[in-house]
Amino acid sequence: MRGMNSTLDPRRTIAELQELRRLTSDEHGAQRVAFTPVWVKTREWLRAKLSALPVETHVDAAGNLWSTLKGRSEKSLLIGGHMDSVPNGGWLDGCLNVLAGLEVLRRIDAQYDHQPPMTVRLVDWADEEGARFGRSLFGSSACSGNLDLAEASKLVDKDGVRLTDALAGVGVTFEHVKDSHRELANAAAYLELHIEQGPVLLDLGLPLGVVLGTFGVERHAITFHGQAAHSGSTPMNRRRDAFLAAARMSPEIYEITRRHGGVGTIGSCTTKPGIVTSVVEDCRITLDQRHLDAAALAASLADARAASERFAGEGGVDVAWERLWNIEPVLFDPRLLRFCEEAVLETCGTVHRLPSGPLHDAAEVARAGVPTVMMFVQSLHGISHNKIEDTSEEHLELCVRAFDRLAEKTLQTFA
Ligand SMILES: [Zn+2]
């Protein structure tokens with residue numbers, strides 16, 4: 001595909017990641033929380049890097065930063081990531097994607113003498129993490145059109161600062177954030193590289209993976225209602241114990257997930273009256289189920305519901321369900337999946353396909369109808385959102401090379 005004249009320099013990406021870490025981390029980790037002074041400084045640093053290229057750079061209506069290298073075709077290849085981090089975050093989550101994209105942009109600019117076959121755009125999404133206001137994928141969901149403005153207008157951080165005011169502080173007018181959608185007008189494809197943030201590639205001993213899509217999520221609260229009764233005077237056969245019914249859900253969720261695949265988690269359990277001398281009257285548990293297949297996710301949810309009713313009936317208690325949140329699975333584009341697989345194979349000889357448990361900006365872009373794919377690179381320790389988050393330098397180099405190949409294949413085909 002490309003000859004020996006490629007200017008791609010993955011070592012430069014690693015050096016820039018290290019430079020960014022020195023600039024935006026303290027002893028607890030990365031502090032690039034969206035809309036804060038460190039994030040603003042991060043953006044200035046990124047813009048200085050971009051200014052060495054013949055690109056047009058602007059911030060859109062939702063605070064996303066776009067840098068455009070005009071090509072012979074108006075159609076654009078989008079490459080994205082996020083410079084924001086969680087508080088005390090890692091040095092790679094989000095910014096690897098942007099800085100690898102920057103390196104790919106440099107290579108394309110040099111190889112095609114400032115005029116590639118199609119327009120190439122690098123995007124740094126605003127507030128992917130949602131660490132401060134509790135709403136992930138802010139900039140990309142404003143852009144895709146999926147952001148609920150009424151809901152977002154109520155968001156407040158732990159210091160009482162409203163999201164709308166934090167946005168105003170960085171020059172973004174809340175009422176207009178959805179105007180960001182116009183940035184997708186000529187979008188032909190979207191590519192995103194990310195650290196895996198889990199242990200799958202590590203356990204397989206593979207550097208890179210092709211991401212099939214992002215899990216659909218069903219998140220519910222399940223409340224069992226029985227009767228409070230004295231723990232000394234109430235015989236075991238006379239109890240209506242809400243905790244007993246709820247507790248039986250735990251092994252059942254493992255069994256349901258074994259049957260249908262995906263993952264299922266009972267993440268919290270609260271009891272009332274919650275004292276040592278009373279049978280539990282109310283027990284509320286939360287259930288989070290995730291799957292890449294919509295039908296399997298629906299079946300898992302239906303089985304969990306049926307089980308809860310069975311356990312409630314057997315225990316003489318009532319059960320009520322409340323949906324907290326849900327999102328459908330997002331499947332990536334088959335043609336881009338093939339390119340991604342080829343790129344990984346050509347770079348390191350073996351490939352593995354895996355779903356993404358966490359959501360990513362790529363899911364929002366795909367939901368907006370733009371053909372999308374993601375590539376994962378192995379995470380050491382299988383850990384992220386922590387200062388120990390890491391990936392070997394060898395694998396960082398490989399991922400920049402493979403991602404560049406994916407971009408080139410896309411450029412050749414989608415122009
Ligand atoms: Zn991320």
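Trainee: How do the residues of the lining of the largest pocket divide into nonpolar, polar and charged?

Mentor: Rolling a probe the size of a water molecule over the atoms shows where empty space is left. Here the lining holds 6 nonpolar, 10 polar and 11 charged residues, where Ala, Val, Leu, Ile, Met, Phe, Trp, Tyr, Cys and Pro count as nonpolar, Asp, Glu, Lys and Arg as charged, and the others, Gly among them, as polar. This is a predicted model, in which local features need pLDDT of at least 70 and side-chain atom pairs count only at pLDDT 80 or more, while totals for chains, interfaces and linings use all residues. Residues are numbered from 1 along each chain as its sequence is written, and side-chain values use heavy atoms, with hydrogens and water left out.

Trainee: Which atoms coordinate the zinc ion?

Mentor: Donors are N, O and S atoms within 2.8 Å of the metal (3.2 Å for Na, K and Ca), and water is not among the atoms, so sites may look incomplete. In this model, H82 (NE2), D93 (OD) and H194 (NE2) coordinate the zinc ion at 2.1 to 2.2 Å, and the donor residues follow the sequence spacing H-x10-D-x100-H.

Trainee: Are H82 and D93 buried or exposed?

Mentor: Buried means under 20% relative accessible area, exposed over 50%, and partly exposed in between (1.4 Å probe, protein chains only). H82 is buried because its relative accessible area is 1%, and D93 also counts as buried, because its relative accessibility is 4%.
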